[in-house]
Amino acid sequence: MSLLTTWSPFFQSHVRMRGRGYQASNRVQRLEPEADELIRAQVRGRESYLVTIREEGARAVAECTCPSFAAGAYCKHIWATLLDVQQNADGPGADAERLASLRVRAPKARRRQGESGDVTRRASEPEWMGRLTLLRPSREDLERQASALLPTQRQVCYVILPETSRQQHALVVELRQRTAVASGWSKSKVLKLGPANLAELTDPADRELCALLIGGQQADDEAVGAPSAAARGHAAYRLPAPAWRTLARRMLETGRCLLDVGESRGETDERPLAWDGETPWVLWMRGQLSEEDGSLQVCLELRRDEQRLDVEAPQLLLGGPDGLVIHDGRVAPFDDRDAFRWASQFRDEARRRDEPTRPIVVARGDIERFLDRLYMLPQLPEIDLPEGVGRTPRRVEPVPQLDLYSPDAPQAQEVLGSSGQKQQALARVRFSYDGHNVSPAQPGPFVTVSSAASHAPADPATADPATTDPATAGPGTDAAADGESAGAEQATTGPAAAAVQTARAEGTLIRRKRRAERRALTRLTELG
């Protein structure tokens with residue numbers, strides 16, 4: 001057993017930490033031992049104290065001239081000396097191995113006798129008394145307990161930072177606090193919390209919420225050039241996307257969730273927020289024909305039932321499966337239809353120009369060409385075009401299909417090739433939309449509707465593996481399954497283009513349900 005392992009049970013943790021600081025700052029001076037002493041050292045603190053370690057039978061007895069040792073506790077000066085013995089084998093006195101071989105005698109309180117201040121040890125004190133001394137709380141523990149009896153009267157506020165959230169494409173929340181004053185509550189100040197002081201919060205809801213926030217990723221504002229990064233410190237946290245709605249609702253339930261609308265101006269302007277129902281706002285593309293020249297003007301807006309909201313109106317808009325919209329003091333779910341790129345493009349342009357968003361203007365003669373390109377894009381919001389313009393999308397539920405092939409089947413050999421996995425069966429996934437088959441790896445939001453161009457071959461061996469076989473990418477490859485990596489130029493030939501050309505003739509499209517396809521692929525993976 002090492003020296004420090006032998007002695008550490010007799011020292012409180014904060015004493016060991018302070019003793020390590022003493023030794024690291026070279027405050028320990030080893031001296032030549034006298035008489036029966038094993039170690040003799042001078043340790044400099046506010047004053048200089050003498051530390052000795054002597055041998056009594058099979059025990060090592062440590063003593064120090066400081067008040068802490070006189071009160072019956074092994075002190076930081078003794079621990080600093082032990083560290084020095086452990087690290088400096090060439091110093092005078094016994095070595096670390098010799099000290100570790102002896103049993104440690106627990107400390108004993110000393111008492112002063114007479115006015116001369118002579119100090120003697122109580123020879124009659126039992127060992128258990130010294131052991132109980134180690135269980136006494138430290139001064140820091142007592143001060144912490146005393147402060148907890150009358151905790152600080154304060155409110156914890158959860159402040160959403162819209163500008164930082166926009167820059168980091170995530171929900172960023174800063175912890176702030178307000179303390180009680182004669183007129184009510186003070187102005188909020190940044191609240192830096194860590195695991196050590198989390199227990200100081202008196203509200204159980206605050207303790208639980210702040211523990212969740214502290215476990216999140218700290219918002220590094222310096223990476224995006226935010227001016228208040230130094231002042232914010234570690235009080236701001238970037239929440240994980242799957243938890244946006246859940247944590248937002250929890251914060252709003254406290255009644256102390258705020259939006260700092262002055263953040264972009266370098267000011268503090270906090271506005272209260274409230275939850276605005278479970279029905280999500282949905283992203284829509286709206287087209288109107290100009291009465292003057294017949295051009296098509298395309299705008300973007302949010303819709304919920306009969307409500308309409310321009311895309312640049314919300315103070316904060318976050319996309320994805322757990323999307324949020326914050327507008328006019330209300331927080332609500334947001335469904336971007338997997339096309340948040342549209343919203344960010346319109347909003348960023350309005351921000352750069354510091355004016356309302358400008359519509360996409362398409363000349364009358366370019367409308368058909370514009371629509372051809374539009375329907376080939378892999379991600380589209382809901383579409384609302386004037387009567388007689390565009391195609392009529394149909395809503396059809398996809399039916400998942402799974403084709404299984406033995407390892408020696410020609411279809412399996414074509415895919416497996418020389419991969420060394422020829423003993424494995426092959427599974428091929430397709431989705432049927434009203435009898436029209438589509439591969440999850442096929443880009444584009446629509447499926448073909450004509451019998452000549454739309455029906456995928458019943459035998460995958462005759463199909464084009466580049467467009468119908470997801471096995472090479474695997475069902476877990478989201479980018480391939482969603483078509484997110486394919487642009488309009490890449491889709492000008494193949495199934496997406498065929499869908500648009502067929503729809504031009506028939507005036508209809510079947511819109512794929514990407515999320516339903518992903519859920520089916522996830523379920524397939526879970527089944528193994």
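Reader: In which sense do strand E8 and E14 pair, and over how many bridges?

Author: Strand E8 (residues 154-160) and E14 run parallel, joined by three bridges. Two strands pair if DSSP finds at least two bridges between them, so three are enough. Tyr 158 faces Cys 257 of E14 across this pairing. One note on the source: this is a predicted model, in which local features need pLDDT of at least 70 and side-chain atom pairs count only at pLDDT 80 or more, while totals for chains, interfaces and linings use all residues. Residues are numbered from 1 along each chain as its sequence is written, and side-chain values use heavy atoms, with hydrogens and water left out.

Reader: What joins E14 to strand E15?

Author: Three bridges do, and here the two strands run antiparallel. Strand E15 covers residues 270-272. Leu 258 has Pro 272 in E15 as its bridge partner. Strands are DSSP runs of E with at least two residues, helices are runs of H or I with at least four, and both are numbered from the N terminus.

Reader: What makes both faces of E14 count as covered?

Author: Cys 257 and Leu 259 on one side are buried, and so are Leu 258 and Asp 260 on the other. Buried means under 20% relative accessible area, exposed means over 50%, and partly exposed lies in between (1.4 Å probe, protein chains only).

Reader: What makes Arg 166 and Glu 163 a salt bridge?

Author: Side chains of opposite charge can pair when their charged atoms come close. The cut-off for a salt bridge is a side-chain nitrogen of Lys or Arg within 4 Å of a carboxyl oxygen of Asp or Glu. The closest N and O atoms of Arg 166 and Glu 163 are 2.8 Å apart, so the pair qualifies. Both residues lie in helix H8 (residues 162-168), three residues apart, about one turn of the helix. Arg 166 is partly exposed at 30%, while Glu 163 is buried at 11%. The whole structure has 40 salt bridges.

Reader: Which parts does the pair Arg 256 and Asp 206 tie together?

Author: The N to O distance in this salt bridge is 3.1 Å. Arg 256 lies in the loop between H11 and strand E14 (257-260) and Asp 206 in helix H9 (residues 204-214), so the pair ties together parts 50 residues apart in sequence. Arg 256 and Asp 206 are both buried.

Reader: Where do Arg 286 and Glu 301 lie?

Author: Their closest N and O atoms are 3.1 Å apart, in a salt bridge. Arg 286 is in strand E17 (residues 281-289) and Glu 301 in strand E18 (residues 296-304), 15 residues apart, and the pair links distant parts of the chain. Arg 286 and Glu 301 are both buried.

Reader: Why is His 169 called exposed?

Author: His 169 has a relative accessible area of 61%, over the 50% limit, so it is exposed. His 169 lies in the loop between H8 and strand E9 (172-181). His 169 is not a glycine, yet its phi is positive, about 55°.

Reader: Where does Asp 328 lie, and is it buried or exposed?

Author: Asp 328 lies in the loop between strand E21 (324-327) and strand E22 (330-335). At 59% relative accessibility, over 50%, Asp 328 is exposed. Asp 328 has a positive phi of about 55° although it is not a glycine.
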